[in-house]
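Hi,

Here is the structure I promised to pass on.

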Amino acid sequence: MKVLWSGRAGRGLDPALESFNSSLPFDSRMYEQDIKGSLAHAAMLRGQGLIDEKDFEAISGGLNSILDDIKSGALEFSKSAEDIHSFIETELTERVGDAGKRLHTARSRNDQTALDLRLYLLERSREIKAALAELASAIMEKARLHKDTIMPGYTHLQRGQPLSFAQHILAYAFMLERDRQRLDDCDRRTAVSPLGSCALAGTTLPIDRFMTAKELGMRPCENSVDGVSDRDFAIEFCSCAALAMVHLSRLAEELILWSSLEFGFIEPDESCSTGSSIMPQKKNPDIAELARGKSGRVFGDLMALLTVMKGLPLAYDKDMQEDKEAVFDAADTALACLRALALMVSTMKVKTERMLEAAKRGFINATDCADYLAARGMPFRDAYKLTGELVRECAESGRSLDELSLEELKARSQLFEEDYYRAIDLRECMRKRSSYGGTSPASVEAQLEILSKSALFAGEDFQDAPEDSPL
């Protein structure tokens, strides 16, 4: 296939370097975005009188036929093409003749490839946001069923205070909600059209960049050099994906711990578990382990992009071809992990009795004992010290705080009364934590309401910016 830059070059690349130089094996996935951008560009050229109606009809018809043939499998990507842009333009010219050669008027592959990547990321962002909502929905459904399920809350992985399972798992839904917000914010900076920047300096031809941008649901970039030079939108997308993967990895880690015999808080469904080739009793949480492990891939994608861009002079450099594989991998990996964990959460069995049994051990109502004394006038530090002494005595005698007799308690402080036992009852401890964002069933219900109205379930991911919108 003849390369687009063959006019200057006396001969092509050495055959040994053609595959090294080619990006088609990975950027071919952007064929829809490339055609979409070309259709908008052709419409603008017609509107500005740079091509006539006949050429426009030929170009648009040819591009749509190429799109249909790629989707149906009737047209395969040529291994000799340098990139998706070259492949489509060459195929178009073969189909419609000279009209196809006019499409590249007032356009460079520099602004074309930047546009394609922006359009591609906006579409992948929509998919990821839908997957965030899917996982959040699975989490929220489990929370609705377990507002009264008591489990030990942990700090330093040591039992700390009584907590509802709903409260604990909803923390991840709020993390996902912020992940959605970050993608929304990233979308606003991604929805900027570089088309018309050409190679770097714009064009002498009378184009209308606002027209093409509006056609694509974007706004034009304000500086043509910036339009083709930066990939900060791609880096930001990978950053959003990486942070979402941090949250997924932490959730996966807890699902792994909880499914162990030592915890036994959940049981993964068989559809989300694997076995051992030698140990017949095993039921492994491989799906969660993979999600935890794949977080490292997305972190690496982000670092790869940062490293590629950190020392490049303006404007376009071939190094920037390396942006796509990292971005594609980050998007694919994040999306796959979100969908996998959504299935795992929605199908897992929550073992409420085991959680309650664990909550009864470890003196997780000790804070409530101290609060009980403080509410009756004892300085908190004194109440803290006395409660610690009671915990030590109970640990030594193999009892819990609610197994101390009232006489034993009064021997330590006359502030203890019969209502002490209700105050440190685990269910009462949880119910009383009704502060905003707390673990009481009423507070959890309020959190569910907040989430249901949050960005996670917003219908539109970004609003088109006005034409004069600042960066």
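Predicted model: local features only at pLDDT ≥ 70, side-chain atom pairs only at ≥ 80, totals over all residues.

**What I found**

A106 is buried, with a relative accessible area of 9%. This alanine is found in the loop between α6 and α7, and A106 has a positive phi of about 60 degrees despite not being a glycine.

You'll find H156 in the loop between β1 and β2. Is H156 buried or exposed? With a relative accessible area of 75%, H156 is exposed, whereas A106 is buried.

**Helix α4**

Now to α4, which covers residues 53-72. The buried residues here are D55, F56, I59, S60, G62, L63, I66, L67 and I70. Looking down the axis of α4, you'd see these buried residues fall within an arc of 160 degrees, so they line one face of the helix.

What do the buried residues of α4 pack against? They pack against α3 (31-47), α5 (84-96) and α6 (98-102). On the other side of α4, K54 and S72 are exposed.

Both ends of this helix are worth a look too. At the start of α4, D52 has a side-chain oxygen that comes within 3.2 Å of the backbone nitrogen of K54. Just after α4 comes G73, with a positive phi of about 90 degrees.

**Helix α14**

In α14 (residues 352-359), M355, L356, A358 and A359 are the buried residues. Seen down the axis of α14, they also fall within an arc of 160 degrees, so they line one face of the helix. Their packing partners are β1 (150-155), β2 (158-164), α8 (165-190), β6 (349-350) and α19 (426-432).

T113 sits in helix α7 (residues 109-145). At a relative accessible area of 6%, T113 counts as buried because the cut-off is under 20%. Its side chain makes a polar contact of 3.4 Å with the side chain of H85, and another polar contact, also given as 3.4 Å, joins the side chains of T113 and K324. Leaving out residues up to four places away in sequence, T113 touches H85, R231 and K324.

P285 is in the loop between β5 (266-267) and α12 (286-309). This proline is buried, with a relative accessible area of 9%. P285 and T274 are eleven residues apart along the chain, and their C-alpha atoms are separated by 6.9 Å. Not counting residues up to four places away in sequence, P285 touches I256, S259 and M344.

M320 lies in the loop between α12 and α13 (323-347), and at 0% relative accessibility it counts as buried. In sequence, M320 and S229 are 91 residues apart, while C-alpha to C-alpha they are 8.8 Å apart in space. Apart from its neighbours within four places in sequence, M320 is in contact with V228, S229, D230, R231, M309, L312 and A315.

A cis peptide bond joins L314 and A315, with omega at about 15 degrees. As a reminder, most peptide bonds are trans.

**Cavities**

How many cavities of 30 Å³ or more does the structure hold? There are three. The largest cavity has about 50 Å³ of space in it. Its lining is made up of Y154, L157, H168, E254, L257, W258 and F263. Helix α11 (residues 232-258) gives the largest share of that lining, three residues.

Note on methods
Residues numbered from 1 in each chain as written. Heavy atoms only, no water. Helix = DSSP H or I, 4+ residues; strand = E, 2+ residues; numbered from the N terminus. Expected span 1.5 Å × (residues − 1). Buried < 20%, exposed > 50% of the residue type's maximum accessible area, 1.4 Å probe, protein only. Arc of directions from axis to C-beta. Contact = heavy atoms within 4.5 Å. Polar contact = N/O pair within 3.5 Å; in protein donor to acceptor, adjacent residues only side chain to side chain. 1 Å grid on protein atoms, 1.4 Å probe; cavity = no way out; pocket = protein on both sides within 12 Å on 5 of 7 lines; lining within 4 Å. Points joined across faces, edges and corners; volume = space filled by probe spheres on them.
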